[in-house]
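Here is my note on the model you asked about. Please read it with the structure open.

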Amino acid sequence: FDVTHVGMATFIFSGGDDGGVIDPALDLARYIYTVKGSDPPPQIKDSQALDLALDNLDKILAPIGDKEKDREAVEGVISVICSVFQRVLVHDTAPAEAATLVDKFISKLTSNSSSQPALRLKTLSTVYNILGGNGTARYNTFYAMVTYAAAAGKEHLAVVTPHCAHLDSMFTEWGTDLEKRRVMYTAVFDAMKKHDNSDSAHEYRLKFLSSYQGQKDQSTALKQAVVAVVEAI
């Protein structure tokens, strides 16, 4: 995914005497407290600012209207949230706790499929990019993109589906085991079937079934095999 962050718009960093950025986490916290209508603390850690942002994500997204400047302002705030998320992930999170942090961010982004779905999907792709070589977290993020896009609507699923063509190579990159591959294939063909893309749904159902070749226990595949036969008729 190739995502370009927009500018800060009306979200302005505070600066020092040299005009440089002092603390984006504090500026983020100040912005959110302003949205909430309360006073910000004098100091705040990156992790606290991130928690604050995630807990108030719906409020942050709410100001988006028809005006381009409103959208740019909110996208600027989301860009800062992603930046703080990356800082927390890299500097303040033990490897064993990284999955929990990522899952929390994903959960907040996918909690509402009718409120700013395009921006939420774009943010999920940014999260994906930030995760780098964390294969498990990248798998979870892409899975969330598929299921969220399916819930949000056909036009949003159309943004994600071209990337599904690269799933096999992505599985290799992520180090995904066979069972999780089947889970992903199921999510993809269910999403496509839901939005009347029967040919593509059939293609990924066949990929799911092919994963059982040479396996002794094929009972789980039987139901999908019946569906695939019906689809082919």
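Predicted model: local features only at pLDDT ≥ 70, side-chain atom pairs only at ≥ 80, totals over all residues.

1. **Overall make-up.** The chain has 12 helices and 0 strands. Along the sequence, the pattern reads α-α-α-α-α-α-α-α-α-α-α-α.

2. **Burial and surface.** The chain has 233 residues, and 43% of them are buried. Its accessible surface is about 12,200 Å². Carbon and sulfur atoms contribute 50% of that surface.

3. **Contacts along the chain.** Take the contacts with a separation of 6 or more. Of these, 56% join residues 24 or more positions apart.

4. **The α1 and α2 pair.** Helix α1 covers residues 24-36, and helix α2 covers residues 46-55. Their axes come within 9 Å and cross at roughly 30°. Angles under 35 degrees count as roughly parallel, so α1 is roughly parallel to α2. The crossing of α1 past α2 is left-handed.

5. **What lines that contact.** From α1 come Ala25, Leu28, Ala29, Ile32, Tyr33 and Lys36. They meet Asp46, Ala49, Leu52 and Ala53 of α2. By class, the contact has 8 nonpolar residues, no polar ones and 2 charged ones.

6. **Ile106.** Is this residue buried or exposed? Its relative accessibility is 8%, and buried means under 20%, so Ile106 counts as buried. Ile106 sits in helix α5, residues 95-109. Beyond its neighbours within four places in sequence, Ile106 contacts Leu124, Asn140, Thr141 and Ala144. Thr123 is 17 residues from Ile106 in sequence, with a C-alpha to C-alpha distance of 9.4 Å.

Terms used:
Residues numbered from 1 in each chain as written. Heavy atoms only, no water. Axes fitted to C-alpha atoms, helices over the stretch in contact; angles between N-to-C directions. Helix = DSSP H or I, 4+ residues; strand = E, 2+ residues; numbered from the N terminus. Parallel < 35°, antiparallel > 145°, perpendicular 65-115°, else oblique. Left-handed = near helix turned anticlockwise from the far one by under 90°. Contact = heavy atoms within 4.5 Å. Nonpolar A, V, L, I, M, F, W, Y, C, P; charged D, E, K, R; others polar. Buried < 20%, exposed > 50% of the residue type's maximum accessible area, 1.4 Å probe, protein only. Areas by Shrake-Rupley, 256 points an atom, 1.4 Å probe, with all protein chains shown as cover.
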